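Please report on the aromatic contacts and charged pairs of this protein.

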Amino acid sequence: MTTHDAGLADKIRVLHNYGSRVRYHNEVPGYNSRLDELQAAFLRVKLRRLDDWNARRGVLAAQYQSGLSGCDYRLVPPAAPDWAAPVWHLFVIRHPERDALQEHLTGLGIQTIIHYPIPPHLSGAYQHLGLSRGALPIAEQLANQILSLPIGPHTPGSNVDHVCQALKAWDCQARSIGNS
C-alpha cells in the first residue's frame with residue numbers, strides 16, 4: 001500500500017500486524033496479513049513439504065508426550081482427543097510456576113517462548129467490551145501458565161529428549177521441595 005498520509009500509513013501498519021505496534025499489545029482488532037509476493041513465492045515451494053513437516057512435528061509431539069509421561073506434579077502437557085490430528089505447530093505446556101521454569105530451561109540452553117501472554121479481553125483491542133481483570137479467570141490463568149517448547153520439522157529427537165529430561169528433573173525437584 002502506498003500513501004502520502006502518515007496517519008493512514010500508521011493505521012495500516014497496526015492493522016496488518018494483529019492490531020499491534022508492540023508484540024502482544026493489541027490496540028485494535030487487526031489482521032495477520034504480512035505476506036508479500038516474495039514470501040508467497042517461498043511459501044509455494046515450501047508447501048510441497050508441508051505434509052512431511054507436519055508428520056515430523058507429530059512424531060516429535062508423541063516423543064514429548066512419552067517423555068513427559070512421568071511428570072505428574074504440576075506440569076500439564078497438551079492433549080488432543082483421539083479423533084483429532086493436530087499439526088503441532090506449537091507444543092504448549094502449562095505450569096503454575098511458568099516463569100521460574102522458563103528461567104531454568106533458559107539456563108540449560110533450552111529456548112522457549114511465551115505465546116500470547118496477554119488474554120485478548122485485557123488487550124486494548126477489546127477494551128470496548130468492558131471486561132476487566134478477573135472477568136475471564138481461566139483465560140487469565142492460562143496466559144500466566146503457558147510455555148511453548150521447541151518443536152519444528154528440523155528439531156532433532158535428541159533435543160526433545162534433552163528438554164524432557166530437564167523438565168522431569170525440575171518437576172521432581174519441585175515435588176521434593178514441596179514435600180519437605
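Trp88 is buried in this predicted model, with a relative accessible area of 15%. Buried means under 20% relative accessible area, exposed means over 50%, and partly exposed lies in between (1.4 Å probe, protein chains only). Phe91 is buried as well, with a relative accessible area of 0%. Tyr64 is also buried.

The model is predicted, so local features need pLDDT of at least 70 and side-chain atom pairs count only at pLDDT 80 or more, while totals for chains, interfaces and linings use all residues. Residues are numbered from 1 along each chain as its sequence is written, and side-chain values use heavy atoms, with hydrogens and water left out.

**Aromatic pairs**

Rings of Phe, Tyr and Trp (its six-membered ring) pair if their centres lie within 6.5 Å; planes under 30 degrees apart count as stacked, over 60 as edge-to-face and the rest as tilted. The count comes to three aromatic pairs. One of them is Tyr64 with Phe91, which is stacked: 4.6 Å centre to centre, with 20° between the planes. Tyr64 lies in helix α3 (residues 50-67) and Phe91 in strand β3 (residues 91-94), so this pair ties together parts that are 27 residues apart in sequence. Helices (H or I, at least four residues) and strands (E, at least two) are DSSP runs, numbered from the N terminus. Trp88 and Phe91 have ring centres 5.5 Å apart and planes at 35°, so that pair is tilted. Ring pairs link Tyr64, Trp88 and Phe91 into a cluster.

**Salt bridges**

A salt bridge is a side-chain nitrogen of Lys or Arg within 4 Å of a carboxyl oxygen of Asp or Glu. The structure holds five salt bridges.

| Salt bridge | Distance |
|---|---|
| Glu27 and Arg21 | 2.9 Å |
| Arg49 and Asp52 | 3.8 Å |
| Asp99 and Arg98 | 2.7 Å |

In the last pair, Arg98 is buried at 6% relative accessibility, whereas Asp99 is partly exposed at 49%. Salt bridges that share partners also join Asp10, Arg21 and Glu27 into one network. Within it, Glu27 is partly exposed at 34%, and Arg21 is partly exposed at 48%. Arg49 is partly exposed at 42%, and Asp52 is partly exposed at 47%.

**A loop residue**

Gln127 is found in the loop between α4 (98-107) and α5 (137-145). Gln127 counts as exposed, at 62% relative accessibility. Gln127 and Ala6 are 121 residues apart in sequence and 25 Å apart in space, C-alpha to C-alpha.
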